[in-house]
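Keep the viewer open and look up each place as you read.

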Amino acid sequence: MMNGKTTVGVIFGSRSVEHDVSIVTAQQVMRTLNPSRYDIVPIYITRDGRWLTGEPLHDIKTFQGEDVLTVKGVQETHLSSSTGHKGLMSPPLVRGFFKRQQFQKIDVIFPTVHGSHGEDGTLQGLLEMVDLPYVGTGVMASAIANNKVLTKAVLRDAGIPVVEAVAFTRHEWLQDEHRERILNEIEAMGYPAFVKPSDLGSSIGIARVDDRERALLHIDIAANFSRQVLVEKAVVGCIEINCAVMGNHEIQTSVLEQPLSAEAFLSYEEKYMRGGEGGVKQAGMKGADRIIPAPISEELTATIQDIARRGFMAIGGQGTARIDFLVKPDENEVYLNEFNTMPGSLAFYLWEATGMNGAAVCDELVRLAKERYEEKRRTTFDFKNPLIEHVARRGLSGIKK
Ligand SMILES: Nc1ncnc2c1ncn2[C@@H]1O[C@H](COP(=O)(O)OP(=O)(O)O)[C@@H](O)[C@H]1O
Ligand SMILES: [Mg+2]
């Protein structure tokens, strides 16, 4: 924290099908963080899991080429696994006779990774181990939110409305007798239905199916993407409503948006590639059409915000998330569909519409990260007891656990 600034390490990329979207979110976050308050250290994890840092990572053009590591000024690095360091260790720079170990201290990590190896609790686990404060949800909430089967179970238990579904493992699906039972259960639930891999986002592997034959085909596909699959009853005639939340204890909610789509649901291309020939011009949902605030009654708006808050608490959420709902406004039916704990562009546009600009959102997220870290320090992880002395005196044999 030299010169009173907080050093923020922005981690992005990683081994995820949403690798490219993450690069865009990271560029947005790095540009939004107030430079008078933060020193920014970009940390890019390549598609195969190597950690890189360096000035060129501030520029989206760096990522156009094949191998980012060959770009001048980019170097391999790693996060020190010792709590004694709290930062990045890079290979020593050799200048003439001198070898200088390069160490970059980090105060707060700002993960902007979407999907696997970043949004799912794995990166959060690493950061807990190295004892660094980080933005966003913790290990448990991230892991729950990234698994559609688990999300449903936790929400159902908390009395939060979710869509009915049949869930099973790939292993079950590959056995004939189970396959038959699963298809019968789906039929009993009724078509149309949505087939979803349990732990992927961005609509990848998701399909709407109207009969047994299509279900069979799309479950085979979904089972390639995840070891658990769920088939959910379609909420026919629903609209989608999203709400962002932020906080560790008192949870703020944003205004609601209604994302619009001509199709039954947004495909990956629709979501991310709109407005450009091929290139990712608009980040996250920015290019898609949406209505803000969502055109629903004040009462229904308040209900959804309340469910968003309760849902976030139910999974043990801290930090932020965008929560997506399936809603039938005329019937007053609301289902919590999913949590995005690292939403595209961090849902800046929703907070902006709520009266908070991107820089203020980043300030608050960093503050919440520090607050949670301070709270964790109040938890005791060490418990002194006389075990070692006892064993040293009596010997190892005869020790009862
Ligand atoms: N049960 C459902 N009924 C109606 N539409 C659904 C249902 N489940 C998903 N959808 C549609 O499919 C889209 C993608 O599903 P979602 O669960 O949000 O997956 P992802 O994690 O890939 O975003 C949703 O935005 C919605 O349009
Ligand atoms: Mg979704």
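**Notes on the model**

1. His 19 counts as buried because its relative accessibility is 1%, under the 20% cut-off. Please keep in mind that this is a predicted model. His 19 belongs to helix α1, which covers residues 19-32. Leaving aside residues up to four places away in sequence, His 19 touches Gly 13, Ser 14, Tyr 44, Ile 45, Thr 46 and Arg 47.

2. For a look at the surface, turn to the nonpolar patch formed by Leu 217, Ile 221 and Phe 225, whose accessible area together is about 240 Å². Phe 225 sits in helix α7 (residues 212-225) and, with 37% relative accessibility, counts as partly exposed.

3. Helix α11 runs over residues 358-377. Its 20 residues reach 29 Å from first C-alpha to last, close to the expected 28 Å. Among the buried residues of α11 are Val 361, Leu 365, Leu 368 and Tyr 373, and also Asp 363, Glu 364 and Arg 372.

4. Now for the backbone. Most peptide bonds are trans, and most residues other than glycine have a negative phi. The bond from Tyr 191 to Pro 192 is cis, with omega near -5 degrees; Pro 192 is in the loop between α6 and β10. Ile 292 and Pro 293 are also joined by a cis peptide bond, with omega about -10 degrees, and Pro 293 is in the loop between β15 and α9.

5. Which phi value does His 117 have? It is positive, near 50 degrees. His 117 lies in the loop between β8 and α2 and is partly exposed, at 31% relative accessible area. Lys 86 has a positive phi too, near 55 degrees, and is placed in the loop between β5 and β6.

How values were computed:
Residues are numbered from 1 along each chain as its sequence is written. Chains are lettered from A and ligands numbered from 1 in the order in which they are written. This is a predicted model: local features need pLDDT of at least 70, side-chain atom pairs count only at pLDDT 80 or more; totals for chains, interfaces and linings use all residues. Side-chain values use heavy atoms; hydrogens and water are left out. Patches are made of residues with over 30% relative accessible area and no salt bridge: like charges are joined within 9 Å, nonpolar side chains (Val, Leu, Ile, Met, Phe, Trp, Tyr) within 5 Å. Accessible areas come from the Shrake-Rupley method with a 1.4 Å probe; for residues, only the protein chains shown count as cover. A salt bridge is a side-chain nitrogen of Lys or Arg within 4 Å of a carboxyl oxygen of Asp or Glu. Helices (H or I, at least four residues) and strands (E, at least two) are DSSP runs, numbered from the N terminus. Buried means under 20% relative accessible area, exposed over 50%, partly exposed in between (1.4 Å probe, protein chains only). The expected span of a helix is 1.5 Å times one less than its number of residues. Contact means heavy atoms within 4.5 Å.
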